[in-house]
Amino acid sequence: MERPEIDLRSASVARIFDYYLGGAHNFAVDRVLADAAAKLMPELPQMMQLHRRFLARAMRYLVGQGVTQFLDLGSGLPTAGGSAELARRLEPSSRVVLVDNDPAVIAHGKHLLDSANTAVVLGDICEPDVVLDHPETRRLLDFDQPVGLLLVGVLDFVGDVDLPAVIARYRDRVTAGSHIALTNFSVEGGLEDYQRTEQLYRDNTTIDFHPRSAAEVTELLAGFDLAEPGVVDISLWRPEAVEDLDEHPERSAAYVAVGRKP
Ligand SMILES: C[S@@+](CC[C@H](N)C(=O)[O-])C[C@H]1O[C@@H](n2cnc3c(N)ncnc32)[C@H](O)[C@@H]1O
């Protein structure tokens, strides 16, 4: 069977995520792949919505803990409902540094964000010192004050590194009272649909998936005091509305947690 004309290898995680969220910053190449993946896993768009809703709940919690500066690691496109907009809405004086390794995100980001309190940084989140010492990070964030580390929807694409050590490095460099909000999708609820989706991505893109178990996610949070209810499925972390709940709770879509550096 002939492959479609479109070069699927250039689909981007950030733009696929934007498409599932109903955004306009995506191309045909992204939509073709996203639609094919959603045929294999019809719950994918809802999973993206659940991530966005968790980000909002977690950031509201962090602001309630006195955190007003955020380092959004693997930010994706800063469109409606993203960390920059949420931060501005929750606390107008908040500062947000968005970090992503996709140059297209950075280009769009610079265009979409027009605020002295926000910066976009091209960087690999697996290089904490480079990210933390970047001039834009240092310009906006005061490391004598608590920082909110946001790792939402990004660790799913990060493997082949000592991830506990990477996160420990961020933890060691931020001050006490800093927080982390983290997600990682899991396949503990079932493998079959996931494996077919992973194959689709493998055949057509360079995007790699890294599901993690609850135990592995807990290991990433060493040295943080976890806020109640600890490491749980994404819809069980302090849900506030029916839209926060997973239509398929038996599946364990993603594990999430929020922690505080003591
Ligand atoms: C699903 S999207 C972003 C979701 C966003 N955090 C949110 O909650 O709305 C994941 C993003 O992580 C970025 N990413 C993946 N691996 C990365 C890495 N090692 N360093 C920086 N960014 C990365 C991708 O380019 C993509 O934009």
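This is a predicted model: local features need pLDDT of at least 70, side-chain atom pairs count only at pLDDT 80 or more; totals for chains, interfaces and linings use all residues.
Although aspartate 160 is not a glycine, its phi is positive, at about 55 degrees.

Attention now turns to the ligand. The residues around the ligand number 17, and of these Arg52, Gly74, Asp100, Asp124 and Val152 come nearest. Helix H1 (13–20) and helix H3 (44–64) each contribute at least two residues to the shell around the ligand. The most is given by H1, which supplies 3 residues to that shell.

Several polar atoms of the protein can be located relative to the ligand. For arginine 52, a polar side-chain atom lies 2.9 Å from an oxygen atom of the ligand. Aspartate 124 likewise places a polar side-chain atom 2.9 Å from the ligand, here from a nitrogen atom. With asparagine 101 the backbone is involved: one of its polar backbone atoms is 3.2 Å from a nitrogen atom of the ligand. The ligand taken alone exposes 610 Å², of which the protein buries 94%.

A further backbone feature concerns the peptide bond between glutamate 228 and proline 229, which is cis, with omega at about 10 degrees. Proline 229 is found in the loop connecting strand S6 (225–226) and strand S7 (232–233).

Key. Residues are numbered from 1 along each chain as its sequence is written. Side-chain values use heavy atoms; hydrogens and water are left out. A residue is near a molecule or strand if one of its heavy atoms lies within 4 Å of it. A polar contact is a pair of N or O atoms within 3.5 Å; within protein, one must be able to donate a hydrogen and the other to accept it, and residues adjacent in sequence count only if both atoms are side-chain atoms. Accessible areas come from the Shrake-Rupley method with a 1.4 Å probe; for residues, only the protein chains shown count as cover. Helices (H or I, at least four residues) and strands (E, at least two) are DSSP runs, numbered from the N terminus.
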